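Student: I would like to learn how to read a structure feature by feature. Can we start with a single residue and work outward?

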Amino acid sequence: MNLKSLGTVISFLLLMGAPSRVVAQTNRDCLSCHGDKTLTRVRDGVTVSLYVDSAKLAVSRHGPTTCVDCHRDLAGKTGAHAATLARAACRTCHVVEAQDDAQSLHGKAVARGDPLAPTCGSCHGSHDIVAMKDPRSRVLAGRVAALCGSCH
């Protein structure tokens, strides 16, 4: 058997052993790019960081979840993704909180497309969310007035 034939046989065997369903990216896959502190993007004329601190993510409330649990538009995809993604899907797991938010002034501002309307991440953070009663929490009772005051 020549090398070309051997390569074809090996490729066939690998394909036969491949799973029939493509799995979503792992956090490790995502962090291979988003773990780079220099990764940025220009959004609405402003350069924003796309860096995710893996240590902070690991100890956050969402540490046990996968990136695609929140970033649902990446589910089932592998490799590089489009530059523009949907916002994290907080409401998928936080149903009651999302319903409450939808009835709030902030939620109504989001619904009407107000570009200044705060989203879940505006107050709670993104990849570094800790429990509400954790001393590091952005929404700790003693910090709420300052948090609200940062916009109002």
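Student: Where does Arg138 sit relative to the helices?

Tutor: Elements first: helices are DSSP runs of H or I with at least four residues, strands are runs of E with at least two, and both are numbered from the N terminus. Arg138 lies in the loop between α7 (120-124) and α8 (144-149). This is a predicted model, where local features need pLDDT of at least 70, side-chain atom pairs count only at pLDDT 80 or more, and totals for chains, interfaces and linings use all residues. Residues are numbered from 1 along each chain as its sequence is written, and side-chain values use heavy atoms, with hydrogens and water left out.

Student: Why does Arg138 count as partly exposed?

Tutor: The classes rest on relative accessible area: buried is under 20%, exposed is over 50%, and partly exposed is in between (1.4 Å probe, protein chains only). Arg138 has 39% relative accessibility, so it counts as partly exposed.

Student: Which residues is Arg138 in contact with, leaving aside neighbours within four places in sequence?

Tutor: Contact means heavy atoms within 4.5 Å. Arg138 is in contact with Gly121, Ser122, Cys123, His124, Gly125, Arg143 and Leu147. Take Cys123: it is 15 residues from Arg138 in sequence, yet the C-alpha atoms are 6.8 Å apart.

Student: What lies 3.4 Å from a polar atom of the Arg138 side chain?

Tutor: The backbone oxygen of Gly121. A polar contact is a pair of N or O atoms within 3.5 Å; within protein, one must be able to donate a hydrogen and the other to accept it, and residues adjacent in sequence count only if both atoms are side-chain atoms.

Student: Is Asp134 buried or exposed?

Tutor: Buried, because its relative accessibility is 18%. Asp134 is also found in the loop between α7 and α8. A polar atom of its side chain lies 2.7 Å from the backbone nitrogen of Arg136.

Student: And Val139: buried or exposed?

Tutor: Val139 is at 15% relative accessibility, so it counts as buried. It belongs to the loop between α7 and α8. Not counting residues up to four places away in sequence, Val139 touches Cys123, His124, Met132, Val144 and Leu147. Ile129 is ten residues from Val139 along the chain, with 9.7 Å between their C-alpha atoms.

Student: How many disulfides does the structure hold?

Tutor: A disulfide is a pair of cysteine sulfur atoms within 2.5 Å. The structure holds zero. Cys70 is in no disulfide, and its nearest cysteine sulfur, that of Cys90, is 6.6 Å away. For Cys120, the closest cysteine sulfur is in Cys90 at 4.0 Å, too far for a bond. Cys70 counts as partly exposed because its relative accessibility is 22%. Cys120 counts as partly exposed too, at 37%.

Student: How do β1 and β2 run?

Tutor: Two strands pair if DSSP finds at least two bridges between them. Strand β1 (residues 40-43) and strand β2 (residues 46-49) run antiparallel, joined by four bridges. Thr40 stands opposite Ser49 in β2. The two strands form a hairpin with two residues between them, and Asp44 in the turn has a positive phi of about 55°.

Student: Which residues of helix α2 are buried?

Tutor: The general idea first. An α-helix has 3.6 residues a turn, so residues three or four places apart point the same way. In α2 (residues 27-34), Asn27, Cys30 and His34 are buried. They cover an arc of only 65° around the axis, so they are on the same side of α2. That arc is taken from the directions from the helix axis to the C-beta atoms. Arg28 and Ser32 are exposed on the other side of α2. The buried residues of α2 pack against α3 (54-58) and α4 (67-70).

Student: How many helices and strands does the chain have?

Tutor: Eight helices and two strands. From the N terminus on, the order is α-α-β-β-α-α-α-α-α-α. Of the 152 residues in the chain, 14% are buried.
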